[in-house]
Amino acid sequence: AKFDGTTRSVWVNGVLAGQDTPSGHNVNSSLIQISKTYGSEYQRGKIKVAMIYNRALSSNELSQNYTAITNPNSAPTDLSFALAPNIDYLIVAGGGGGGYRHASGGGAGGLLTGSFMGSLNTSYSISVGAGGAGGTNSTKNGSNGSNSQLSGDGLQTLIAIGGGGGTSYDAQGVGGGQGTGINGGSGGGASYRNGINSNGGTATNGQGYNGGNIISSSGQYNHAGGGGAGAPGGNGTSTRRGDGGDGIQSSITGTATYYAGGGGGGTHNPAPSSGGGAGGQGGGGAGGTAGQNSPGVSGTANTGGGGGGASTSSGGNSSGGAGGSGIVILRYLGTPIASGGTVTQNGGYTIHSFTQVGNSNLVVSSGGGSGTTTSTASFDEGSAVGTVVATLTATDSDTTNLTYSLATGNGTTDQHN
């Protein structure tokens, strides 16, 4: 029973049984009588527990008390949990373009992989880099690819660096200069320079490999391949032009796919070339066809592959192949709790693929819903003490006073702990 100073009410089994608004009643310091009014009115029935409060309880609180007393192990039906997602990422920058006329291959875009603990109700910024333009009569060298990146909500900005462009034989006047490759995520290949050996472009640490070198050139016009995410570019020698370095295989989408292969080197006749110039696995473009005035092949879009260097049999004016655009792929276990990119599901994961060059967002929702949501997320059992492996949040319409504790068991006898 309760009295709020105006209305007195009687509750039976958690349900309001009756109420009135009597006059002349008040709470005082007189002896309290349980289950009896001031007169001779008695309750018929039993009282399991007697509790006295210094205020009038609400209807919800009275019902909660009854439920807690009669069925202390009842599982709440309006309790919901939301687990912040562990997000895997693959970030690939745009590949470098191949060089003009006869030239080296472009380096692959830098590649980053890893994971981070995401946050609910958060937006992450995504940028997908464009591939670099192939070299032309006016530019000579291929352009570097553009960076791809991921940032937001305290996450240290992750930046994959665009691949280095391929170097043209004509870059500093016909046959002038050293012919050193251009630096990038993976380095562009070195270009032949009238018998001078030279080095390929330097890769960004942890994102790719250097471009191939010019070695033992002996007056032959074979150019080096661009570096890939998984291997350096092939060297240009007296008998062979360099292949593009291979990329790295990833199954983040559920399908094993190579990304970030380097572009193949071009050549110039007459050159006793025994082959070479293939694009690296992962979208690298091949060098132009030997013995022809042939443009380099462009890197494959959304792989970050480097563009192939052009080839020529005489004067020629063929352009280098453009670098392939980059890509950003994010995935987490379970059903979709975010929007952005192309959303697919595979093997229990939700995958967001960002393929459009430019800026966009991954917007993570609350991840909640009615009932209880569980997760099969795993973590390294050797993680250091204090390592955050998951973030658990809960809401309950009955109370804001929630506690968490670990329970043991096999799920059949511990469901109320």
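I searched the whole structure for aromatic pairs and found five. My cut-off: rings of Phe, Tyr and Trp (its six-membered ring) pair if their centres lie within 6.5 Å; planes under 30 degrees apart count as stacked, over 60 as edge-to-face, and the rest as tilted.

Before going on, I note that this is a predicted model, where local features need pLDDT of at least 70, side-chain atom pairs count only at pLDDT 80 or more, and totals for chains, interfaces and linings use all residues. Residues are numbered from 1 along each chain as its sequence is written, and side-chain values use heavy atoms, with hydrogens and water left out.

**Tyr89 and Phe116**

I looked up this pair of rings. The centres of Tyr89 and Phe116 are 6.3 Å apart and the planes stand at 35 degrees, so the pair is tilted. Tyr89 belongs to strand β5 (residues 86-92) and Phe116 to strand β6 (residues 111-117), so the pair ties together parts 27 residues apart in sequence. I take helices (H or I, at least four residues) and strands (E, at least two) as DSSP runs, numbered from the N terminus.

Are these two residues buried or exposed? Tyr89 is buried, at 11% relative accessible area. Phe116 is buried too, at 8%. Buried means under 20% relative accessible area, exposed over 50%, and partly exposed in between (1.4 Å probe, protein chains only). I also see that ring pairs link Tyr89, Phe116 and Tyr124 into a cluster.

**Tyr169 and Tyr221**

Next I checked Tyr169 and Tyr221. Their rings form an edge-to-face pair, 5.6 Å centre to centre with 65 degrees between the planes. Both residues lie in the loop between β9 (155-160) and β10 (248-250), so the pair ties together parts 52 residues apart in sequence. Tyr169 counts as buried at 6% relative accessibility. Tyr221 counts as partly exposed at 21%.

**A charge over a ring**

What sits over the ring of Tyr349? I find the charged end of Arg331 there, 3.9 Å from the ring centre. The test asks for NZ of Lys or CZ of Arg within 6 Å of the ring centre and within 35 degrees of the ring normal.

**The hairpin**

Last, I followed strand β8 (residues 148-152), which pairs with β9 in the antiparallel sense over four bridges. Two strands pair if DSSP finds at least two bridges between them. Ser148 stands opposite Ala160 in β9. β8 and β9 form a hairpin with two residues between them. Asp153 in the turn has a positive phi of about 50 degrees.
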